[in-house]
Amino acid sequence: MRGHSVLLIIGGGIAAYKSLELIRRLKERGVSVRAVLTRAGGEFITPLSVAALSGEQVFQDLFSLTDEAQMGHIELSRSADLVVVAPATADLMAKLANGHANDLASTALLATDKRVLMAPAMNVRMWNHPATRRNLATLKGDGVIFVGPGDGEMACGEFGPGRMAEPLEIVAAIDAALALPGPLSGLKALVTAGPTQEPLDPVRFLANRSSGKQGYAIADALARAGAETVLVSGPVAIAPPPRVKLLRVETAREMLAACESVLPVDVAVCAAAVADWRPESLADNKIKKGENAPALTLIANPDILATLSHGARRPALVVGFAAETENVIAFAQEKRLRKGCDWIVANDVGPGTGIMGGETNTVHLITANATESWPQLDKSEVGVRLAARIADALRGNAA
Ligand code: CTP
């Protein structure tokens, strides 16, 4: 379970106290937990307890400007690997079964593209009511997974089914749900990211401003979609995503060798800002300051994207990036043909766009037949959308 993330929606029931224990058990197992506490849930446990145990901000309000500025409700619903509702009240089940979205919890449930696991908790008569039975059948039909409820004496004094499953039972159900295959399960992905550094002497190198954020976000999204993912990265200052195999490199030639070492793969995404040129010679010792400025002779580096696209072990789908500062779409279309890749993700990295090193990206997805312009999105969301498109293409659902 380590490295997975869960969005926990805590509904309004006395069993909410068990959700605090659930957070502890998940954290112990290396699962990160972000919580939504409904207004009714907040009558039973406090946001402070949830925040202290999860170590994350607790989200409560759909119309909170501060919450929304930090993480929009759509992104919140998709940022985790699994959405868990515990306790799932009769009301939350009814809302999702009927597609209501009138608070943060129900909106997140409707907006998510992840699996939903519910741990119902309610009075026995409420659980047995035909309305709840109908909602349960609808939700099961929609693919919602259920754990519990158990039989026993309830807080209301009645006896029967309706008790929320114990935290460790819910942990086991989460473990099983996380292990279910994703859209890219069984497939292998290669992602390049970050800059390359081309040494001049033992202390100097030529490099560029790439932060690696977009490539890391793509690798993360591919791994979360179930792909066995290898990330070949130049030197960057960000942590590797969980469940991704990281191969660190410095130069373009090392990056190419690392990529070739992981072939064959089903999909390759070349997001690295590879230096096109390197110094012709590498001085053994530090170049001393002389009378005159030294002349720098550069020679061409291998083109990793073109090499993968034209190679004998070509991945079924090769995706390149185009970093442009003018004529973005036209240059990118030309680059797709020149490099021989299937798709190009084009972005304008001109000064003032804030894309190099920033958190957001505005891209155009260029395929053989179409150009799609996506709105400005978080780099993580660009990764999620691209992974979904890759899954469609590799599964034969789309071109
Ligand atoms: N790329 C690569 N190896 C290189 C240069 C670029 O794999 N030696 C890949 C990048 O990872 C990206 C794509 O090629 O997917 C385009 O990179 P970009 O820098 O935009 O293009 P260049 O080839 O440098 O072309 P130009 O300088 O003319 O824009």
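**A sheet and the helices on it**

Reply: Helix 11 (residues 252–262) lies across strand 9 (188–193), strand 12 (228–233) and strand 13, and its direction makes about 175° with that of strand 9. Helices (H or I, at least four residues) and strands (E, at least two) are DSSP runs, numbered from the N terminus; angles are taken from 0 to 180 degrees between N-to-C directions, using axes that are lines fitted to C-alpha atoms, for helices over the stretch in contact; and contact means heavy atoms within 4.5 Å. Helix 14 (residues 379–394) also packs on this sheet, where it touches strand 14, strand 17, strand 18 (343–348), strand 20 (363–366) and strand 21, running at about 165° to strand 18.

Before going further, please note that this is a predicted model, in which local features need pLDDT of at least 70 and side-chain atom pairs count only at pLDDT 80 or more, while totals for chains, interfaces and linings use all residues. Residues are numbered from 1 along each chain as its sequence is written, and side-chain values use heavy atoms, with hydrogens and water left out.

The sheet itself is open and is formed by 8 strands in the order 13-12-9-14-17-18-20-21, with mixed pairing; two strands pair if DSSP finds at least two bridges between them. Which strands stand at the edges? They are strand 13 (244–248) and strand 21 (371–373), and each has a single partner strand, so one side of each is left without a neighbour in the sheet. On average, and with direction ignored, neighbouring strands here are turned by 15° against each other.

Looking inside the sheet, we find strand 14 (residues 267–270) running parallel to strand 17 (residues 317–324), the two being joined by 4 bridges.

The ligand comes next, and it is surrounded by 15 residues, of which the closest are Cys-270, Ala-272, Phe-321, Lys-335 and Lys-339; a residue is counted here if one of its heavy atoms lies within 4 Å of the molecule. Several polar contacts can be named, a polar contact being a pair of N or O atoms within 3.5 Å. Lys-339 has a polar side-chain atom 2.5 Å from an oxygen atom of the ligand, and Lys-335 has one that lies 2.6 Å from an oxygen atom of the ligand. With Ile-304 it is a backbone N or O atom that takes part, at 3.0 Å from a nitrogen atom of the ligand.

The loops also deserve attention. In the loop between helix 11 and strand 14 we find Pro-264, which is joined to Leu-263 by a cis peptide bond with omega of about 0°. In the loop between strand 12 and strand 13 sits Arg-243, which has a positive phi of about 65° although it is not a glycine.

For comparison, consider another sheet, which is also open and consists of 6 strands in the order 3-2-1-4-5-6, with parallel pairing. Its edges are strand 3 (58–59) and strand 6 (145–146), each with a single partner strand, so one side of each lacks a neighbour in the sheet. Strand 4 (residues 82–88) and strand 5 (residues 115–120) run parallel and are joined by 5 bridges, and Ala-88 stands opposite Pro-120 in strand 5. Helix 1 packs on this sheet by touching strand 1 (5–10), strand 2 (32–37) and strand 4, and its direction makes about 170° with that of strand 1. Helix 9 (residues 167–178) lies across strand 1, strand 4, strand 5 and strand 6, at about 155° to strand 4.

Helix 1 (residues 16–28) also packs with helix 2 (residues 47–54), at an angle of about 10° and with the axes 9 Å apart. That makes the two helices roughly parallel, because angles under 35 degrees count as roughly parallel. In this contact Leu-20, Ile-23, Arg-24 and Lys-27 of helix 1 meet Ser-49, Val-50, Leu-53 and Ser-54 of helix 2.

Finally, a cis peptide bond with omega of about 0° joins Gly-148 and Pro-149, and Pro-149 has its place in the loop between strand 6 and strand 7 (150–153).

Note on methods
Angles under 35 degrees count as roughly parallel, over 145 as roughly antiparallel, 65 to 115 as roughly perpendicular and the rest as oblique. A polar contact is a pair of N or O atoms within 3.5 Å; within protein, one must be able to donate a hydrogen and the other to accept it, and residues adjacent in sequence count only if both atoms are side-chain atoms.
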